[in-house]
Amino acid sequence: MSTDPLLAVRNLRAHIGTSRGIVRAVDDVTLDVDPAQSLGVVGESGSGKSVMARAIMGLMPGRSARSGEVYFQGRDLLSLPQGEQRDVWGKHISMVFQDPGRSLNPVVRVERQLTEGMRKHLGVSRSDAKGRALELLQEVGVPDPERRLRNYPHEMSGGMRQRVMIAIALAAEPDLLIADEPTTALDVTVQRQILDLLRSVQRERGMSMILISHDLAVVAGRTDRVAVMYAGRLAEIGSTRKVFEAPRHRYTHALLAATPTIGHERHTPFQLISGSLPDPTADVTGCRFAPRCAYATDACRTSAPTMTPVALEHEVSCFHPVTTVVPELSGGEFVGR
């Protein structure tokens, strides 16, 4: 059995031109996703998570540029002709977006939106595609799938639309599913259903998955590994258990301290992170988290740390990593998801 990663991202950069200057949305990100593995990508809004996913998928906006290497099954997607890249997207790599109301075509029935990808990528007949569409809707928990195929998106609830989006993403039997904030627009109960659905489908199919969220509770218990992003760069990456139980980067540690857990005392204030993300158009010399970090030194402000192993399959980009496990952050069960 091959031990090569399914997806290998190397020194990925994604810059976007704006009226204020160049936004360095993703800056020198390197990570792997193995076959049948789920990777969570977390960080505050504006940390570059979604742009990284779009750069991998080739869905960058106008006035943008990406560089580096994105190897999928051994082929560098960024060096492939546009036509060959399109053959990979949808068929081998699919994406579930934040808002199904904006992603689904409002004037096209669900059946057509579900079957188009299958007919294009798998070459199946119209009748076979419809049969498969019914199976997919059942798989993702849509009741009365025959009737739902005749629906327009606006005739369905937000949760049902998101299930349809997941079915569309799964239609061509991809090897990798990227879910970008897939539950942001849903209420808490439906969020949990959708997240558990994604995890169960990923396991049953032996598919790889990247689950992107600003909410650490979303990836806890649903991913094998987690990557923490801050201001376009990776701060920490490792097994989900190690990162959550023993965070080493000061930013990860602060994020976890600010996240509610079941054991949190009701009248005890949360340890909120002071300050805000740096201006994405600024050319930062040192560690990007230094202005918000109580442990920053002159070295942090003048030099950028690099990813360094701190344990087996656990890396951190920090000159002054956390060296002790804080009991209240170890093994806590998060609230709300």
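Select helix α7 and colour its buried residues: Gly159, Met160, Arg161, Gln162, Arg163, Val164, Met165, Ile166, Ala167, Ala169 and Leu170. Buried here means under 20% relative accessible area, exposed means over 50%, and partly exposed lies in between (1.4 Å probe, protein chains only). Helices (H or I, at least four residues) and strands (E, at least two) are DSSP runs, numbered from the N terminus. With 11 of its 13 residues buried, α7 is largely enclosed by the rest of the structure. Now check the length: the end C-alpha atoms of α7 are 18 Å apart, in agreement with the 18 Å that 13 residues should span at 1.5 Å a residue. The expected span is 1.5 Å times one less than the number of residues in the helix.

Before you go on, keep in mind that this is a predicted model, where local features need pLDDT of at least 70, side-chain atom pairs count only at pLDDT 80 or more, and totals for chains, interfaces and linings use all residues. Residues are numbered from 1 along each chain as its sequence is written, and side-chain values use heavy atoms, with hydrogens and water left out.

**Next stop: helix α8**

Select residues 188-205, which make up α8. This helix has 18 residues and reaches 26 Å from its first C-alpha to its last, close to the 26 Å expected at 1.5 Å a residue. Which residues of α8 are buried? They are Val190, Gln191, Ile194, Leu195, Leu197, Leu198, Arg199, Val201 and Gln202. To see what covers them, show the elements that include β3 (38-42), α5 (126-139), α7 (158-170), β7 (176-180), β8 (208-213) and α9 (216-219).

Zoom in on the N-terminal end of α8, which is capped by aspartate 187: a side-chain oxygen lies 3.1 Å from the backbone nitrogen of threonine 189. A polar contact is a pair of N or O atoms within 3.5 Å; within protein, one must be able to donate a hydrogen and the other to accept it, and residues adjacent in sequence count only if both atoms are side-chain atoms. After α8 comes glycine 206, with a positive phi near 65°.

Now pick threonine 183, in the loop between β7 and α8. Threonine 183 counts as buried, at 6% relative accessibility. Leaving out residues up to four places away in sequence, threonine 183 touches Gln191, Ile194 and Leu195; contact means heavy atoms within 4.5 Å.

**The aromatic rings**

Show the Phe, Tyr and Trp side chains, whose rings (the six-membered one for Trp) pair if their centres lie within 6.5 Å; planes under 30 degrees apart count as stacked, over 60 as edge-to-face and the rest as tilted. The structure holds 3 aromatic pairs. One of them is tyrosine 230 with phenylalanine 289, an edge-to-face pair at 5.2 Å centre to centre with 85° between the planes. This pair links distant parts of the chain, 59 residues apart: tyrosine 230 belongs to strand β9 (residues 225-230), and phenylalanine 289 to the loop between α11 (250-257) and α12 (298-302). Both tyrosine 230 and phenylalanine 289 are buried.

Move on to tyrosine 295, in the loop between α11 and α12. Is tyrosine 295 buried or partly exposed? At 49% relative accessibility, tyrosine 295 counts as partly exposed. Arginine 250 lies over the face of tyrosine 295, at 3.7 Å from the ring centre. For such a charge over a ring, NZ of Lys or CZ of Arg is within 6 Å of the ring centre and within 35 degrees of the ring normal. Apart from neighbours within four places in sequence, tyrosine 295 is in contact with Arg250 and His320.

**The cysteines**

Colour the sulfurs next. The count comes to 0 disulfides, a disulfide being a pair of cysteine sulfur atoms within 2.5 Å. For cysteine 293, the nearest cysteine sulfur is that of cysteine 318, 6.3 Å away. Cysteine 293 is buried, with a relative accessible area of 16%. For cysteine 300, the nearest cysteine sulfur is that of cysteine 287, 6.1 Å away. Cysteine 300 is buried too, at 7%.

Most residues other than glycine have a negative phi. Select asparagine 11 in strand β1 (residues 7-18): its phi is positive, about 50°. Asparagine 11 is partly exposed, at 39% relative accessibility. Finish at alanine 231, which also has a positive phi of about 50°. Alanine 231 sits in the loop between β9 and β10 (233-239) and is buried, with a relative accessible area of 13%.
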